[in-house]
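Colleague: Could you take a close look at one part of this model for me? I'd like to hear what sits around it.

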Amino acid sequence: WAGSQLVSDEKSPLGGKMSRTFELSLDGRQLFETLHIDNGGSNTPIFIRYVYDIASSDSENNQDSDPNRPVLKRNPDDSQSH
């Protein structure tokens, strides 16, 4: 744990490093997962951020929704925040 974040550091057999961070939004309605990958051979680290939204009550009442099939929503890319 690092404050309010859950952090996992991993290392690949080829020497690459990956850090995975999980954090709840302030209102508790979103979970942020951030991957920081340092490939070792490349000087450019890779950042991937997933945002998981809590299911709304409207989607729970939708008979067409399948709880075993996640819904992917794309948010605008905010490259300036890194």
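Predicted model: local features only at pLDDT ≥ 70, side-chain atom pairs only at ≥ 80, totals over all residues.

Modeller: Let's start with Gln 5: leaving out residues up to four places away in sequence, Gln 5 touches Thr 21, Phe 22 and Glu 23. With Glu 23 there is also a polar contact, side chain to side chain, at 3.0 Å. As for where we are in the fold, Gln 5 lies in the segment before strand S1 (6-11). Is Gln 5 buried, exposed or partly exposed? Its relative accessibility is 26%, so Gln 5 counts as partly exposed, given that buried would need a value under 20%.

Gln 5 and Phe 32 are 27 residues apart along the chain, and their C-alpha atoms are separated by 9.7 Å. Phe 32 has a charge over its ring: the charged end of Arg 49 sits there, 4.4 Å from the ring centre.

Searching the whole structure turns up 1 aromatic pair. That pair is Tyr 50 with Tyr 52, and it is stacked, with 6.3 Å between centres and 25° between the planes.

One last stop is Pro 45, in the loop between strand S3 (30-38) and strand S4 (46-53). Setting aside residues up to four places away in sequence, Pro 45 touches His 36 and Ile 37. At 38% relative accessibility, Pro 45 counts as partly exposed.

Terms used
Residues numbered from 1 in each chain as written. Heavy atoms only, no water. Phe/Tyr/Trp six-rings, centres within 6.5 Å; stacked < 30°, edge-to-face > 60°. Lys NZ or Arg CZ within 6 Å of the ring centre and 35° of its normal. Helix = DSSP H or I, 4+ residues; strand = E, 2+ residues; numbered from the N terminus. Buried < 20%, exposed > 50% of the residue type's maximum accessible area, 1.4 Å probe, protein only. Contact = heavy atoms within 4.5 Å. Polar contact = N/O pair within 3.5 Å; in protein donor to acceptor, adjacent residues only side chain to side chain.
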